[in-house]
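Dear colleague,

I am passing on the structure below, with the sequence, for you to look at. My notes on what was found follow it.

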Amino acid sequence: MGDRLNYQEIAWAERRVDCYDGPNCDQHRALWRAHFDGDMDSEDMYRDLPLDPKQFPPGTKVVIMVPVCPKCDQQVEMCEQDKSCDFDWKAWAEGQYS
Ligand SMILES: [Zn+2]
């Protein structure tokens, strides 16, 4: 219904392989390398992303995108903290998903 919002990428993850796992350093272990917008470093995670890396082939990429406010042009979290913008995200979600 014309409610299409713009999206901003805030996090990326790549399904990588630790090629030196095991006692002989010759086994592959699944991991995600995740990078969050604003962080200097990437993080290697052997746990779920919450997507289990063992469920996806090496090379898989995950991009997390959040909606951008159509009124103030900030991503949803910043918009909600910004008292000068009155965009109603609760009403938006209800219009979108109820
Ligand atoms: Zn806003």
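**Hairpins, sheet and overall form**

In the hairpin that strand 2 makes with strand 3, six residues lie between the strands, and Gly38 has a positive phi near 95 degrees. Please keep in mind throughout that this is a predicted model.

Strand 3 covers residues 43-45. Strand 2 and strand 3 run antiparallel and are joined by three bridges. Within this pairing, Trp32 is placed opposite Met45 of strand 3.

Strand 2 also pairs with strand 1. Strand 1 spans residues 7-21 and strand 2 spans residues 27-36; the two are antiparallel, with nine bridges between them. Here Ala13 faces Ala34 of strand 2. These two strands form a hairpin as well, with five residues between them. Gly22 sits in that turn and has a positive phi of about 90 degrees. As a general point for reading the sheet, side chains in a regular strand alternate between the two faces.

Taken as a whole, the protein has four strands and two helices. Their order from the N terminus is β-β-β-β-α-α.

Six residues from domain 1 and six residues from domain 2 take part in the contact. On the domain 1 side, the residues touching domain 2 are three nonpolar, two polar and one charged.

How does the radius of gyration stand against that of a compact globule of 98 residues? The protein has 18 Å, whereas such a globule would have a value near 13 Å. Along the principal axes, the C-alpha atoms fill a box of roughly 60 × 30 × 15 Å.

What share of the 98 residues is buried? The figure is 6%, where a buried residue is one with 20 or more other C-beta atoms within 10 Å of its own.

On contacts, counting those with a separation of 6 or more, 40% are between residues 24 or more positions apart.

To recap the points to check in the viewer: the positive phi at Gly22 and at Gly38, the pair Ala13 and Ala34, the pair Trp32 and Met45, and the contact between domain 1 and domain 2.

Regards

How values were computed: Residues numbered from 1 in each chain as written. Predicted model: local features only at pLDDT ≥ 70, side-chain atom pairs only at ≥ 80, totals over all residues. Rg over C-alpha atoms; globule rule 2.2 N^0.38 Å. Buried ≥ 20, exposed ≤ 12 C-beta atoms within 10 Å, placed from the backbone. Contact = placed C-beta atoms within 7 Å. Nonpolar A, V, L, I, M, F, W, Y, C, P; charged D, E, K, R; others polar. Pairing = 2+ DSSP bridges.
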